[in-house]
Amino acid sequence: MTLRERVESQRFCQGLGEAQCGELAACASERCFAQGEFLLRQHAPADTFYLVLEGQVQIRLALPGQGLVTLETIGPDEAVGWSWFAPPYRCQFDALATTPTRTLAFAAEPLRALMERDPTVGYAVLKVLVSTLSERVQSCRLQVLDVYAPPAGQR
């Protein structure tokens, strides 16, 4: 399967034209990560948006006094990274490959420019991005409840 075919098979390409998928593919490359390698580091520049093709990635957050907390583990067809979309373009979480992981990596700057130039593409990508944000907020909410909820006998 070519890179363009991989991009065209993604859910955000459903309903897009051939030229639009081609422009998305021009922003993409395939990247592989070894087990234990980071895709993203908290506070580092957020210059890439990943879609997992194969493998597993843990989304982690460093909490003062708690160390690294795993918020969720994601796998194929799920997105990694949303900080590339809005200033200050800094990663909010760590993303660690826990198995050998293959991804589609989208360069943030040309992707943002394409989304601005073509609102249909922008909306398609934003639907995936909002879904990812919703999942991260839910994971954070559950983590906060887990950390700060009173013990079972004190509720």
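A residue is called buried when its relative accessible area is under 20%, exposed when over 50% and partly exposed in between (1.4 Å probe, protein chains only). The views show a predicted model, in which local features need pLDDT of at least 70, side-chain atom pairs count only at pLDDT 80 or more, and totals for chains, interfaces and linings use all residues. Residues are numbered from 1 along each chain as its sequence is written, and side-chain values use heavy atoms, with hydrogens and water left out.

**View 1. Buried residues of helix H4.** Helices (DSSP runs of H or I, at least four residues) and strands (E, at least two) are numbered from the N terminus. Among the buried residues of H4 are Val 121, Val 125, Leu 129, Arg 136 and Gln 143. The elements covering the buried residues of H4 include H2, strand S3 (48-54) and H3.

**View 2. Helix H3 against helix H4.** The axes (lines fitted to C-alpha atoms, for helices over the stretch in contact) of H3 (residues 108-117) and H4 (residues 119-148) come within 5 Å and cross at roughly 120°. H3 is therefore oblique to H4, as the angle, taken from 0 to 180 degrees between N-to-C directions, is neither under 35 degrees, nor over 145, nor from 65 to 115. In contact (heavy atoms within 4.5 Å), Leu 111, Leu 114, Met 115 and Arg 117 of H3 meet H4 residues including Pro 119 and Leu 126.

**View 3. Gln 20 in helix H2.** Gln 20 belongs to H2 (residues 18-26) and is buried, with a relative accessible area of 15%. Leaving aside residues up to four places away in sequence, Gln 20 touches Asp 118, Thr 120 and Val 121.
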